[in-house]
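Open the model in a viewer and keep the sequence panel beside it. The stops below can be selected one after another.

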Amino acid sequence: MTADFFQASSKVFTVAELTRQIRGLLETRFGAVWVQGEVSNYKLHPSGHQYFTLKDQRAQIACVIFRNTMPPLRSEGGRPLSEGGRPQLADGAHVQVFGTVSVFEARGQYQISVQIVQPRGLGVLQAKFEALKRKLEAERLFDPARKRPLPKFPKRIGIVTSPSGAAIRDMLNVLRRRAPWLQVLISPVRVQGTGAAQEIAVAIRELATPTDSWSPLDLIIVARGGGSIEDLWEFNEEIVARTIVDIGVPIVSAIGHEIDFTICDFVADLRAPTPSAAAELIVPDIGDLQRQIDGFARGLGRELFNRVRDAQQRLDHARETLRRCLAHRIDNYRRGLVHIFASLQARSPARELILRRNRLTDLQRRFAIAPIHVIESARQRFQRTEGLLRVLGPEATLRRGFSITMDEHGKLVRTVAAVRPKMKIRTRIRDGEFESEAL
């Protein structure tokens, strides 16, 4: 050993210091990498972390998937599952992983912190698709509760698509046939190539913002024809997805064919399998509307006829009831008038005069024919009655020495109980009256 060797090695590291420096060198040198190999020693820890070794014929490297990065897929029986491009994690699986190279200092072991797992040969674009899908799904941007309802009868819509593609022609043909009243505003953009995603995002925001040139739109369609994942990739960019979520106008995604799915489809308020299907989904068919209107008109006509008929029947019934009621009241009034007239006739002054004249005539006739002895007999009876009154009357009683006592109101005092102390009384005797006070 030379002196230079001992001089260069004069610093003594602790294990932790050396391991930390090695970790810094590895993470700085490699950063995020793609690695492919065969899974072995797969283990799902109770904490939710997943550990496995990725190996090939010559080497192996430890890998870890933290639970917050990519939760394990498990069925009720505990068997590994797959979803989309995400493979089964089990011993013997051939996969590609994307992650950062780091050092697990506690063991002095370097490892890959895995963020994406895909079957070997699936491709980087598919992996990026799955990674962004998981990210946005974790933010609940695919949640149906977040999505906006579409208007049933839109009047103004916007379309973001290529002006030269077949998609716009198909949509316009369908819209003209189904909804000729609809106003369509087209924002032409590139739907493929570098920078197309930014154009699409800008076009969506511009259509969603009313200006002096156009009124607010009821909804916006983002559309293009079919193609490979590379052709459709601009609709998988995060800038397009977040723009769709941020604006206030409902968005319909009509990208590719029915079997094609993009991130735009997941965040949009409605996913249409094709551009033509989008045009059919957003507006009702004018023919169907006309048939519905005709049906409603017929139903309304029947309802009006029935109501008018019922009202006429009620009116006729009310008229007949009123007629009978008036006839009954008029008959009662007529009877009352007849009774009043008969009563007036019965109490007529002329009739009374006739009755009294007849009675006087009858009395005169009776006096004229009455015998003289009848008159004399009546005179004698009158004279006898007069004599009895002179003997038994009050004046005769007073002359015999009796008196009559009355109270201060002139009421006859008949018993002693009717007299109260200090009561004023009057006493009548033969030749006059005097007052006194009871003791």
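**Stop 1: a serine in a strand**

Select Ser253 and Asp265: in this predicted model, their side chains make a polar contact at 2.4 Å. Ser253 belongs to strand S9, which spans residues 251-255. Its relative accessible area is 0%, so Ser253 is buried. Now show what surrounds Ser253. Leaving aside residues up to four places away in sequence, Ser253 touches Val222, Cys264, Asp265, Ala268, Leu270, Arg271 and Ala272.

**Stop 2: two packed helices**

Next, select helix H4, residues 166-178, together with helix H8, residues 275-282. Two packed helices are described by the angle between their axes and the distance between those axes. For H4 and H8 the angle is about 25 degrees and the axes are 8 Å apart. Angles under 35 degrees count as roughly parallel, so H4 is roughly parallel to H8. The crossing of the pair H4 and H8 is right-handed.

Show the side chains where the helices meet. On the H4 side, select Ala167, Asp170, Met171, Val174, Leu175, Arg177 and Arg178. On the H8 side, select Pro275, Ser276, Ala279, Glu280 and Ile282. Coloured by class, this contact between H4 and H8 shows seven nonpolar residues, one polar residue and four charged residues.

**Stop 3**

Which phi value does Asn41 have? Select Asn41 and read its backbone: phi is near 55 degrees, a positive value in a residue other than glycine. Asn41 sits in strand S1, residues 32-44. Its relative accessibility is 55%, so Asn41 counts as exposed.

Then move to Lys422. Phi of Lys422 is also positive, at about 65 degrees, and Lys422 is not a glycine. Look for Lys422 in the loop that runs between strand S11 (404-407) and strand S12 (424-429). With a relative accessibility of 64%, Lys422 counts as exposed.

**Stop 4: a loop alanine and a distance**

Is Ala106 buried or exposed? Select Ala106 in the loop between strand S4 (94-104) and strand S5 (109-119). At 70% relative accessibility, Ala106 counts as exposed.

Methods:
Residues are numbered from 1 along each chain as its sequence is written. This is a predicted model: local features need pLDDT of at least 70, side-chain atom pairs count only at pLDDT 80 or more; totals for chains, interfaces and linings use all residues. Side-chain values use heavy atoms; hydrogens and water are left out. Axes are lines fitted to C-alpha atoms, for helices over the stretch in contact, and angles run from 0 to 180 degrees between N-to-C directions. Helices (H or I, at least four residues) and strands (E, at least two) are DSSP runs, numbered from the N terminus. Angles under 35 degrees count as roughly parallel, over 145 as roughly antiparallel, 65 to 115 as roughly perpendicular and the rest as oblique. A crossing is left-handed if the near helix is turned anticlockwise from the far one by less than a right angle, and right-handed if clockwise. Contact means heavy atoms within 4.5 Å. Ala, Val, Leu, Ile, Met, Phe, Trp, Tyr, Cys and Pro count as nonpolar, Asp, Glu, Lys and Arg as charged, and the others, Gly among them, as polar. Buried means under 20% relative accessible area, exposed over 50%, partly exposed in between (1.4 Å probe, protein chains only). A polar contact is a pair of N or O atoms within 3.5 Å; within protein, one must be able to donate a hydrogen and the other to accept it, and residues adjacent in sequence count only if both atoms are side-chain atoms.
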